[in-house]
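Let me put the structure up and walk you through a few spots I'd like you to look at.

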Amino acid sequence: MLLNASGCLDALVAPDVARQLDAFVTKTITPLPREGNAPQRIAETAHGMLNAIGLANPGRERFLGEMLPRLVVTLDIPIWVSVGGFSAQDYAETCAALDRSEAAVIELNLSCPNVDEAADGAAEIVAACRDATPIPLYAKLSAAHPDVGAVARAVADAGADGLSLINTLRGAALDPRTLKPVLARTTGGLSGPSLKPVALAAVHACYAATGLPIVGMGGVTTGQDALELIACGARDVALGTVLFSDPDAPARVRAELAEAAERAGVASPDDVFADAHDAEKHPHTRRKVTA
Ligand SMILES: Cc1cc2nc3c(=O)[nH]c(=O)nc-3n(C[C@H](O)[C@H](O)[C@H](O)COP(=O)(O)O)c2cc1C
């Protein structure tokens, strides 16, 4: 299944791009509206994109009252709602307000590098949300944690149904002449191709740690990138930064994914699922059966 990464596609502005996906993931919604950080909030670097948007969003009330119903009538694909907040209660209240008929999955954004407020612990948030809703919960984790596999295990024990990996990593860019930070808040989240090796490692570690379904993302620009995430243990793949430069990326990556599978000598991308794992050491690994 191919999705967009949260915050990288506005489906109400570009519904034709969203309709190429198997499910649409919303921008992260917080209880109250947020204007986000002051400009400048985006910087292009030779190594990827830095964004310091700071979770700008219309807030829960407007999202539930206006935007989600519009998304439901505009798109005929499942909608995953990305939920954020600054306490377990913030997250749980938004989860409780979501209806299964509108939100197929809730993605808990436990990993935004662009806000200063510290959230409660990941497992605590997941446990509170688990009590608040029967809707499937995916925990979106950061690869910045020294042991992301341990965090994955903790959120799995707290009731997460799946994982989304990875969010951006904190970085900075300087103006080459003034040597001052380009972004108003100095740092932002790095995304794009340079994230791919980090994403592969995080997906590999979290699949080995939990066996949970994983949406892999981070630097996917080609079908080969997507196939490699699947080989590390991702069941689904999300496109992020690539959507800003290539709105046709969903169709292109889908076609390339089939070609990459063919090059790998298998009939379908599913046939390489978790192949990067050693079956002896990783009990979750399902090896493909060869005649
Ligand atoms: C402009 C921008 C806005 C983003 N906003 C969100 C967000 O609201 N919630 C979230 O969980 N991730 C957000 N992300 C992170 C992406 O969903 C994704 O995890 C990250 O960009 C890595 O994928 P990529 O390298 O393919 O872009 C944002 C990324 C970008 C570039």
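Let's begin with Ala-274, which counts as buried because it has 24 C-beta neighbours inside 10 Å, and the cut-off for buried is 20 or more. You'll find Ala-274 in the segment after α9. Its phi is positive, about 65°, even though it isn't a glycine. Keep in mind that this is a predicted model.

Leu-55 is another non-glycine with a positive phi, about 60° in its case. Look for Leu-55 in the loop between β4 (48-51) and α2 (60-74). With 21 C-beta neighbours inside 10 Å, Leu-55 counts as buried too.

One runs from Pro-39 to Gln-40, with omega near 5°, and Gln-40 sits in the loop between β2 (24-25) and β3 (42-45). Another joins Leu-165 and Ile-166, with omega about 15°; Ile-166 is in the loop between β8 (162-165) and β9 (169-172).

Now over to helix α7, residues 223-232. Nine of its ten residues are buried, so the helix is largely enclosed by the rest of the structure. What do those buried residues pack against? That would be α6 (196-210), β11 (214-216), β12 (236-239) and α9 (249-263).

Zoom in on Leu-229, which lies in α7. It has 29 C-beta neighbours inside 10 Å, so it counts as buried. Beyond its neighbours within four places in sequence, Leu-229 has contacts including Ala-199, Leu-200, Val-203 and Val-237.

Notes: Residues are numbered from 1 along each chain as its sequence is written. This is a predicted model: local features need pLDDT of at least 70, side-chain atom pairs count only at pLDDT 80 or more; totals for chains, interfaces and linings use all residues. A residue is buried if 20 or more other C-beta atoms lie within 10 Å of its own, exposed if 12 or fewer, and partly exposed in between; C-beta atoms are placed from the backbone. Helices (H or I, at least four residues) and strands (E, at least two) are DSSP runs, numbered from the N terminus. Two residues are in contact if their C-beta atoms, placed from the backbone, lie within 7 Å.
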